[in-house]
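Keep the 3D view open as you read.

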Amino acid sequence: MPVIENERKTFTLFEVMNSIKKTLNDRYSSAYWVKAEMNKLNLYKHSGHCYPELVEKKDGKVIAQIRSHLWKDDYLSINEKFISTLHEPLKDGIKVLILVRIAFEPEHGLALHILDIDPYYTMGDLEKEKQETISRLRAEGIFYNNKSLTLPLLPQRIAIISVESSKGYADFLKILENNPRKYQFFQMLFPSVLQGDNAVPGIIQQLKRIKKVIHHFDAVAIIRGGGGDIGLSCYNNYRLAKQIALFPLPVITGIGHVTNETVTEQISFSNAITPTKLAEYLIQLFNDFAMPVRKAEDVLFERAKRLLHDNRIQFQSELKLFRSVTVTIVNDNKHQLRSLTQSLVRQARFVFQNNRVSLQRIRNDIRKNTEVFFPASRQRVVHIENVLRKEVNERFGQLKNNIIQYLHQLFRSSTYQLLTKKEKVVHIEEKMTDSAYRRIKFSNSELNAIEKNLRNIDPQNVLNRGYSITLLNGRAIKNISQVEKDDQLTTLIADGSINSTITTTKEFTHE
């Protein structure tokens, strides 16, 4: 009930809040379906209750917001419907169609009590974004750009955008590295989150990084494990789809176990429903190349084998003919060679007999000339030896003198440098000693000044100079407002203390 105070009717806050509650209950007695964006789910695990933040945005700005609550039993029921319909739990950042009642409590204020959430509305909103992205890409004429690129015949160098801890990424690597044909792949991870609000800027940033080193790769693979349509909603984003459509390398995707393709999958060069299938796709490209090569290898082997067999037979036939002809020629020439050899021996004997006397005469002449020439040559050799020994001794003596002179110069130079360095060291030592002495002297002066100040402010010295300290309950009194009449005071002086009781106080005014 209102109270009249100073001729004014006043209400308590509780009365006002109860009045608002009654008005809202009378006005909003039914439940309503409301479209909003669930900015935060705010699930409290210890109680199981949720307190979602609901907002409405226009041109990226929040134009309305309100608190809400979703009790545990309702949350479990709604979450189960979301998982069965969308293969995703209820989560942050999705648009929802919710059945609510207006709830107002004096101690908590206004909120919406959530009774139900329609998962099909969320599915429809995602589909709307998907179709808008497809229409924009088609209108810009870039929907098929990435598909029109040419993938290398053997794409070995793969840039991977994924989460390092993702099971899909691990499955992809396992298939590539353990392929039965031992095909070799080079892969490099460019880590990024793959779902939620940060997925789009994260993937775009990694695409930009790959573009800087594009000459190192043949293709880009975007790899993600399974998920429902809400988890894949970021792959319908226009900004991400445009980056992939215009990317200069073929982009291949394996981002989920769903039949409803995202825009990213539709515009990419190639896509598979799982990372495992994507790895098998790459291996199959190698198999497709290797199969005709292996067939050609088999054909070449058979042809080479048949050609070697035919040539072996032909060679053996020609070898037999060659042996036959060779034996005939050898037999025909054998007798002729024997007669020629006998004739040559007879002629050689005749020539040797005719030249034997001439050879003996030449030998005697050589012996005589050698006996005459040898003594003269020996004397010349001795003379040359003496001359060389003399020149070697002279050169050695000169070289020895040069070395001794150089050693003297080196000694004088080293002695001078040592003396110079010693003088510099002594000078530096003197400067350091002088500087240290001045520093210590200055520090002592400072310490003496500090000690003097400490002695001056020592309480006992203050009391000795005629000052006193007045205490109330053991604490020093600094201003008159601290004391009242009849308070018991203790006044400390140099040689004792005085107890007193306040009868009156007087405050001084400073003009």
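A quick word on burial first: a residue is buried under 20% relative accessible area, exposed over 50%, and partly exposed in between, using a 1.4 Å probe and protein chains only. This is a predicted model, where local features need pLDDT of at least 70, side-chain atom pairs count only at pLDDT 80 or more, and totals for chains, interfaces and linings use all residues. Residues are numbered from 1 along each chain as its sequence is written, and side-chain values use heavy atoms, with hydrogens and water left out.

There are 8 salt bridges here, meaning a side-chain nitrogen of Lys or Arg within 4 Å of a carboxyl oxygen of Asp or Glu. One of them joins Lys 21 and Glu 105 at 3.3 Å, N to O. That pair links distant parts of the chain, 84 residues apart: Lys 21 is in helix α1 (residues 13-27) and Glu 105 in strand β6 (residues 94-105). Helices (H or I, at least four residues) and strands (E, at least two) are DSSP runs, numbered from the N terminus. Lys 21 is partly exposed at 23% relative accessibility, and Glu 105 is partly exposed at 34%.

Next, find Asp 218 and Arg 157, whose closest N and O atoms are 2.9 Å apart in a salt bridge. Asp 218 sits in the loop between α5 (199-212) and β10 (219-223) and Arg 157 in strand β8 (residues 157-162), so the pair ties together parts 61 residues apart in sequence. Asp 218 is buried at 11%, while Arg 157 is partly exposed at 30%.

Finally, Ser 270 in strand β12 (residues 270-272) counts as buried, at 13% relative accessibility.
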